[in-house]
Amino acid sequence: MRKINLRSDGGWTFMETLVAIAIVLVLTSSVGFVAIQNLDKARRATARSQIDSFSVALESFYIDCGRYPTTEQGLSALWQRPVVEPVSPFWNGPYILRPIPKDPWGNEYEYRVPGPYGLPYGIRSFAADGREGGDGKDADITSWEN
């Protein structure tokens, strides 16, 4: 009759455990790096989309009131009736679904009338650095440039 050994040493060694942890850390850090890069792209796309929706709302405001909100009235005139003169009796808002949000980096959008290059208005997000100008992730996102 043959004896069966019921004791098994099938666990991981200390070195195998360290190698597995190292592999998990490398994979996690590479996924995190890719996610951070995509997060900046998503923020820029969100800012562009919000600026485009403000532009559509501004056109509706113009159709009703015969002019765009002044710089002093700002984009908030799309959400609630302006209190700063001139106030149009034909205001028929709100022209957007929610109050004006901050940009994806937590900064206020800049709105000015008239806009650059002879445009009736301009809307700008100062992007990641919160300052005018910049390159890459710090480049401004505007209503007058693609």
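**Fold and charged network of the predicted chain**

Read along the sequence, the chain follows the pattern α-β-β-β, with 1 helix and 3 strands in the chain, where helices (H or I, at least four residues) and strands (E, at least two) are DSSP runs numbered from the N terminus. The model is predicted, so that local features need pLDDT of at least 70 and side-chain atom pairs count only at pLDDT 80 or more, while totals for chains, interfaces and linings use all residues. Residues are numbered from 1 along each chain as its sequence is written, and side-chain values use heavy atoms, with hydrogens and water left out.

The C-alpha trace spans about 105 × 35 × 20 Å along its principal axes. The chain has a radius of gyration of 27 Å, whereas a compact globule of 146 residues would have one near 15 Å; this radius is taken over C-alpha atoms, and the globule rule is 2.2 Å times the number of residues to the power 0.38. Buried residues make up 28% of the 146 residues, where buried means under 20% relative accessible area, exposed over 50% and partly exposed in between (1.4 Å probe, protein chains only).

Helix H1 covers residues 14-65 and includes Met-15, which is exposed, with a relative accessible area of 55%. Together with Phe-14 and Leu-18, Met-15 forms a nonpolar surface patch with about 360 Å² of accessible area. Patches are made of residues with over 30% relative accessible area and no salt bridge, like charges being joined within 9 Å and nonpolar side chains (Val, Leu, Ile, Met, Phe, Trp, Tyr) within 5 Å; accessible areas come from the Shrake-Rupley method with a 1.4 Å probe, and for residues only the protein chains shown count as cover.

Strand S2 (residues 122-125) pairs in the antiparallel sense with strand S1 (residues 110-112) over 3 bridges and with strand S3 (residues 141-142), also antiparallel, over 2 bridges, pairing requiring that DSSP finds at least two bridges between two strands. Gly-122 is the bridge partner of Arg-112, and Ser-125 stands opposite Ile-141.

A search of the whole structure finds 5 salt bridges, each a side-chain nitrogen of Lys or Arg within 4 Å of a carboxyl oxygen of Asp or Glu. Arg-124, which is buried at 7% relative accessible area, meets Glu-110 in a salt bridge (2.9 Å, N to O). Arg-124 also forms a salt bridge with Glu-132, at 3.6 Å between the closest N and O atoms, and one with Asp-140, at 3.5 Å.
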